[in-house]
Amino acid sequence: MFKKKAGVATDNQVVLVMTAPAVILMIVFVAIPLVMGVQISLTDWNGYSQNSNYIGLANYTKLFSDPMFMRAFRNTVIYGFGSTLFQTILGVLYALLLQRAFVLRGLTRTIVYLPAMIAQLLVGYVWYFMVQYNRGALNDLVMLLGGTKLDWLGEGNRAVLIIMIINTLNFCGKAMIIYIAGLNSIPDMYYEAASVDGANGWQQFWNITMPQLIPAITTSTLLNLIGGLKMFGLVISTTGGGPGYSTHSLSSLINTLYFSYQDAGYASAVGVVTFVFIMAVSIVIRWYLAKKEAAAQ
Amino acid sequence: MRKRKLHKAIIKSLLALLIIAIHVSPFYVLIMMSLKTRRDFSSRWLPPAAATFDNYTLALKGGDLMQSILNTAIIVLIATTFIIVIGAMSGYPLARYGTKFSKTLSLLLLGVMMVPPLSVLVPLYRELVLINGLNTFWGIIILSITYGLPTSVFMYTNFIHTIPVALDEAALLDGCSKYAIFFRIIMPSLKPVTASVAILTGINIWNDYSFQLYVLQKPKLRTITLMLRSFFAEGNTNLNAAAAASCIAILPLIVIYLFLSKYFVQGVVDSAVK
Amino acid sequence: MKKVLCLLMALALALSVTAAFADGLSGELVIASRYTGVQGEAFESIIEGFKAENPGIKVENQTFTDNYEDVMKVNMSGNQLPDVFMTHGWSVMRYKEYLLPLNDEPWAKDIVPGLFGSIMDADGKFYVLPNTNAMTGVLVQNGLLKELGLEIPKTVDEFMHCCQVAKDNGYVGVYVAGKDSRSPAYVLNLMAPSFLLNGADAAKTGASLQDGSFDWTKWAAVNQFLMDLKDKGYMNVDCATADTANQSETLVAKESLFIFQRTSVLIEAWDIDPEADLGFIPMPAMNAEEEPYLVGGESQAFGIWKDSKNIEAAKAFLAYMARPENIKLIAEVCGEAPGLQGVTVDSGNLTPWFEAWANTKVQPWFDRVYLPSGMWAIMRDTGSGLIGGATTIENADQTMKDNYDKLRAQQ
């Protein structure tokens with residue numbers, strides 16, 4: 001053991017120095033606003049006046065009996081986890097179809113993936129032209145087939161489902177690409193060996209493909225979950241949160257409470273709860289993934 | 001055997017056609033709308049009797065749309081540069097040194113990645129008013145950096161994990177400091193993942209709506225999403241012009257994709273949590 | 001001699017300097033409005049004219065679109081406002097805290113008397129130059145009304161009958177673009193006077209709304225009207241999801257008979273088809289004994305930030321805007337009646353309608369006079385909840401009452 005040279009940085013120093021810019025930004029624009037948010041949530045500030053009153057925890061007690069908040073909370077969970085589930089299914093199916101070369105492969109991949117690059121807000125407007133009641137493209141098809149027009153977004157639960165489907169269809173390209181990469185990384189010899197053993201296509205899928213895809217699935221799950229939980233633009237541009245308040249996500253609810261309802265104190269309370277909830281979800285997921293990683297090694 | 005292969009190819013192609021039809025239809029409708037006049041109440045599936053480019057002229061009138069594309073490009077370029085530099089710097093120690101602090105930081109950063117930025121909207125707003133950051137490019141850029149950073153740190157950390165530690169150790173024995181290792185060993189090998197980080201975070205900022213909506217309120221500063229919103233918003237009821245503006249806004253993305261599709265695909269794969 | 005000359009010269013210099021200050025105002029004005037398109041061009045031309053007369057004043061013309069209110073809220077929270085800004089109906093309820101009283105301005109005596117109900121506060125002060133008086137009623141597809149052989153409805157029953165006939169012939173009675181929750185709220189806000197302020201008790205009910213003793217079970221009639229329109233099938237099927245962009249379209253396409261909206265929707269519709277036979281009619285009254293009424297009040301109004309560093313220049317700008325030719329210009333491009341007396345306006349397609357209702361009673365916007373600030377949002381909430389099937393009339397009434405009490409307590 002030789003004497004430690006003066007001036008050699010310890011691990012901790014290196015971590016502190018090199019992460020400093022990131023840490024400072026996080027403190028100034030994430031942590032401080034969060035603390036201020038807690039402060040504002042204890043008042044009845046209307047969002048623009050110079051005056052506000054301290055009202056204690058009233059905004060928080062109101063939260064859990066407020067049907068609007070409960071609905072937005074439920075919707076956010078559906079947007080997040082529901083989209084993730086469907087994107088996984090669709091992504092795997094598309095990947096299986098589009099992994100190996102055939103005439104339309106390149107074109108199909110591009111067309112599925114391209115919309116994933118477009119802003120949620122715009123995607124919502126584009127789809128609104130499809131599902132609108134009057135002159136909506138989907139209703140034109142329905143009538144062509146002899147059905148009667150339907151106000152697709154007119155019923156709350158159905159509208160939530162439609163928003164989730166739009167989100168799934170539009171952004172499943174990302175999942176598809178991850179799964180194609182996952183499929184490509186499975187060595188051919190696995191399949192060859194299985195064929196020799198007489199396993200049919202279905203057996204091969206369940207016994208080789210799926211287990212090998214698990215890392216890709218966790219990956220894309222997290223990616224899709226992030227998109228779904230942050231849902232904002234899509235809700236604004238398809239339904240604006242309606243009918244009533246039935247399709248609001250937590251993000252769009254905060255926006256509405258702040259600007260339309262002039263209830264910045266309450267909007268802050270919803271924000272704080274959202275922040276804490278999603279932070280907790282992400283930590284649980286991270287902890288779970290780390291545990292699995294450790295088990296795999 | 002060959003016949004069976006042919007059958008399979010036909011079924012595959014039919015399926016592919018169906019998928020294409022589903023995914024293309026909304027955008028087909030968008031294009032058709034952009035080519036029709038406001039008085040054309042025909043089905044959106046039908047092409048116009050006589051295509052008009054008036055909507056495009058209207059959308060481009062006054063140069064506001066082009067200005068907004070330029071504004072967005074400036075914001076994306078500057079913010080992405082910082083996101084790359086700061087992200088790579090932070091990714092290195094987080095991947096290499098498992099101190100308590102670095103573990104906690106990784107965990108918190110992942111959290112920030114998932115939290116909807118709107119949850120801190122109200123106070124963030126207040127803060128920006130206090131530091132005079134509203135209606136400034138630096139204001140939106142600094143927020144874009146902050147909330148884009150976790151993804152970048154994450155991808156760099158993952159990537160640096162894959163660089164053999166043996167290289168670091170060899171350099172340490174040669175008398176390299178830990179900081180120098182980053183610049184001499186790590187940095188040069190980050191090129192592939194940097195392309196991915198740039199594309200992924202760049203697209204996110206290009207498409208952002210929530211921050212831009214609040215920070216950039218003056219018409220001259222408007223970005224592309226805000227511009228589109230104003231085309232669709234109350235008081236502007238010309239949906240056909242809005243459709244044309246949307247087509248124009250999508251075009252740069254398609255062009256960039258066609259040139260860089262390889263990096264886009266790699267970007268998605270790299271963003272994977274391992 | 002020399003001394004006297006010096007003194008004289010100094011005096012002359014001093015005089016000329018004061019003269020310069022008196023004549024040519026200087027400073028830099030920031031003016032915020034939410035004008036776009038034709039309206040934006042008209043407003044810009046007024047600013048150009050003002051600059052030509054006052055070369056010492058620089059003007060920054062900030063125009064916003066639909067996010068104007070959000071922008072102003074941010075500005076208020078930071079206590080940093082433009083020198084002159086548009087108050088779009090909220091000079092008293094929302095912006096008062098930040099506005100300069102303008103009672104002593106030269107144009108104040110010309111304000112149309114009917115406007116004071118909406119721009120004056122309890123202390124008799126007002127804070128804006130009301131360029132226009134936004135009068136509206138029910139927008140009507142007049143061609144369709146005639147085609148169906150219907151008369152202009154004067155009572156709620158007649159109105160319902162018109163809707164029934166429209167429905168029987170395959171048309172929409174009342175078009176509601178509920179993707180924007182303002183649309184159902186307009187129905188409530190515009191109809192409230194009809195159901196609440198009638199008969200001998202009208203004044204008493206009004207006073208009870210203002211002093212907090214209002215009996216909220218009466219509000220059920222207003223909510224019931226909205227629900228009747230929906231339940232009887234008079235509304236468009238997509239009343240909860242239609243986009244406001246479709247309002248003008250549905251009038252032009254002759255699909256809908258009535259819309260509860262501002263007259264600006266008519267201007268948009270005529271932009272699509274200048275020949276369309278459209279107009280507006282007074283709100284139907286509760287019964288034949290009552291009079292139909294229009295709803296009007298502050299609209300294109302501008303006030304001055306009380307902490308502005310350029311108050312004199314800002315007052316000069318308002319005085320310039322108050323000139324008849326400028327009032328006329330704004331009123332015409334906005335399709336509204338002038339807010340100052342002695343101005344004649346050519347309102348194009350709207351002219352015959354303004355003339356037809358020249359003697360009709362005008363009610364102020366209900367929420368701005370009778371309800372505490374913040375109730376508009378609650379009306380939006382309950383209105384869209386009702387037509388979206390998310391709430392019942394009883395719950396909606398209760399929500400109105402609870403928030404009314406809460407918001408009153410906050411004042």
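**Figure 1. Chain A is built from helices.** Welcome to chain A, which has twelve helices and zero strands. Buried residues account for 50% of the chain.

**Figure 2. How confident is the prediction in chain A?** Here you can look at the mean pLDDT of chain A, which is 87, with 96% of its residues at 70 or more. Within chain A, helix α3 (residues 67-98) has the highest confidence, at 93, while helix α9 (residues 201-229) has the lowest, at a mean of 82. Now look at residues 1-6 of chain A, where the pLDDT is below 50. Beyond near neighbours in sequence, this stretch has zero contacts in the model. A word of care goes with such a view: where pLDDT is low, the predicted coordinates should not be read in detail.

**Figure 3. Chain B is another chain of helices.** Chain B has twelve helices and zero strands, and its pattern along the sequence reads α-α-α-α-α-α-α-α-α-α-α-α. Its radius of gyration is 24 Å, whereas a compact globule of 274 residues would have one near 19 Å. Along the principal axes, the C-alpha trace of chain B spans about 75 × 75 × 30 Å. Buried residues make up 50% of chain B. Of the contacts in chain B with a separation of 6 or more, 77% are between residues 24 or more positions apart.

**Figure 4. Two domains within chain B.** The domain assignment divides chain B into domain 1 (2-52) and domain 2 (62-270). Their C-alpha centres lie 34 Å apart. Where the two domains touch, each one gives seven residues to the contact. On the side of domain 1 that touches domain 2, you will find three nonpolar, two polar and two charged residues.

**Figure 5. Where chain B meets chain A.** In this view, 76 residues of chain B are in contact with 75 residues of chain A. On the chain B side, helix α1 (residues 2-34) gives the largest share, with 15 residues. Sorted by class, this side of chain B has 55 nonpolar, 15 polar and six charged residues.

**Figure 6. Where chain B meets chain C.** This contact takes 16 residues from chain B and 19 residues from chain C. Helix α5 (residues 121-130) of chain B gives the most to the chain B side, with three residues. By class, that side has seven nonpolar, four polar and five charged residues.

**Figure 7. Chain C has helices and strands.** Chain C contains 17 helices and 13 strands. The globule rule gives 22 Å for 411 residues, and the radius of gyration of chain C is close to this at 24 Å, so chain C is as compact as a globular protein of that length. Its C-alpha atoms fill a box of roughly 100 × 50 × 35 Å along the principal axes. Of its residues, 51% count as buried.

**Figure 8. A look around helix α13 of chain C.** Which residues of helix α13 (residues 324-334) of chain C are buried? They are Asn326(C), Ile327(C), Leu329(C), Ile330(C), Ala331(C) and Cys334(C). Their cover includes α2 (37-53), β5 (132-133), α11 (264-272), α12 (311-321) and β12 (337-338) of chain C. After the helix comes Gly335(C), with a positive phi near 65°.

**Figure 9. Inside the largest nonpolar core.** This core has 291 residues, and those with the most contacts inside it are Met176(A), Ala245(B), Val174(C) and Leu257(C). Helix α7 (residues 156-184) of chain A gives the largest share of the core, 15 residues. Zoom in on Val174(C): leaving aside neighbours within four places in sequence, its contacts are Cys163(C), Leu229(C), Tyr234(C), Met235(C), Phe258(C), Ile259(C) and Phe260(C).

Note on methods. Residues are numbered from 1 along each chain as its sequence is written. Chains are lettered from A and ligands numbered from 1 in the order in which they are written. This is a predicted model: local features need pLDDT of at least 70, side-chain atom pairs count only at pLDDT 80 or more; totals for chains, interfaces and linings use all residues. Helices (H or I, at least four residues) and strands (E, at least two) are DSSP runs, numbered from the N terminus. Ala, Val, Leu, Ile, Met, Phe, Trp, Tyr, Cys and Pro count as nonpolar, Asp, Glu, Lys and Arg as charged, and the others, Gly among them, as polar. A residue is buried if 20 or more other C-beta atoms lie within 10 Å of its own, exposed if 12 or fewer, and partly exposed in between; C-beta atoms are placed from the backbone. Domain bounds come from an automatic or database domain assignment. pLDDT is the predictor's confidence in each residue, from 0 to 100. A nonpolar core is a set of buried Ala, Val, Leu, Ile, Met, Phe, Trp, Tyr and Cys residues joined through C-beta atoms within 7 Å. The radius of gyration is taken over C-alpha atoms; the globule rule is 2.2 Å times the number of residues to the power 0.38.
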